[in-house]
Amino acid sequence: MSYLKKVISGTCPNCGKTKLFTDNGNPFLFKMPKMKPKCDNCDYSFHRETGFYVGAMYMSYALTVAEMVSVIVLGLIFKLTFIQIFISICIVAFLLSAFNYKMSRIMWLNVFYKEE
Ligand SMILES: [Zn+2]
């Protein structure tokens, strides 16, 4: 299975059968997605080592910057004012926070997965 396919499906990098997260979270309730400790099917540990997911912040940063640049470009296309673009960025960053958290962890785990 390719990297992109594994990231989009959000499944175990080892067997591809179990989802990594039990729920999607909800930014309106300040609830972040919950990650399983290990795969139900193959026992592959999703918690590689202490502090492993600190590096996922870089993935989250890249996702957030890409989303902000997209909002700025859309704002310029639709001729919004600076303050309208700024408020749009804040709203998009808030709405996609749980999605970014989930995707960054999935991407980070798949970056360091080695097939045995
Ligand atoms: Zn598995």
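What spacing do the donors of the zinc ion follow along the chain? They follow C-x2-C-x23-C-x2-C. The views below come from a predicted model, in which local features need pLDDT of at least 70, side-chain atom pairs count only at pLDDT 80 or more, and totals for chains, interfaces and linings use all residues. Residues are numbered from 1 along each chain as its sequence is written, and side-chain values use heavy atoms, with hydrogens and water left out.

**View 1. Four cysteines hold the zinc ion.** The protein donors are the SG atoms of C12, C15, C39 and C42. They lie 2.2 to 2.3 Å from the zinc ion. Donors are N, O and S atoms within 2.8 Å of the metal (3.2 Å for Na, K and Ca); water is not among the atoms, so sites may look incomplete. The 4 donor atoms subtend angles of 106 to 114°, so the arrangement is tetrahedral. For four tetrahedral donors, the ideal angle at a metal is 109.5 degrees.

View 2. C12 is buried, at 0% relative accessible area. C39 is buried too, at 1%. C15 is partly exposed, at 25%, and C42 is partly exposed, at 29%. Buried means under 20% relative accessible area, exposed over 50%, and partly exposed in between (1.4 Å probe, protein chains only). The structure holds 0 disulfides, a disulfide being a pair of cysteine sulfur atoms within 2.5 Å.

**View 3. K36 in its loop.** K36 sits between helix 1 (3-9) and helix 2 (56-77). Helices are DSSP runs (H or I, at least four residues), numbered from the N terminus. K36 is buried, with a relative accessible area of 16%. Its side chain joins that of D40 through a polar contact of 3.2 Å. Such a contact is a pair of N or O atoms within 3.5 Å; within protein, one must be able to donate a hydrogen and the other to accept it, and residues adjacent in sequence count only if both atoms are side-chain atoms. Leaving aside neighbours within four places in sequence, K36 is in contact (heavy atoms within 4.5 Å) with T18, K19, L20, T22, F46 and H47.

**View 4. R105 in helix 4.** Helix 4 spans residues 97-111. R105 counts as buried, at 17% relative accessibility. Leaving aside neighbours within four places in sequence, R105 is in contact with F21, M35, Y53 and A56.

Definitions and conventions. Helix = DSSP H or I, 4+ residues; strand = E, 2+ residues; numbered from the N terminus. Tetrahedral: all angles 85-135°; square planar, octahedral: opposite > 155°, others 65-115°.
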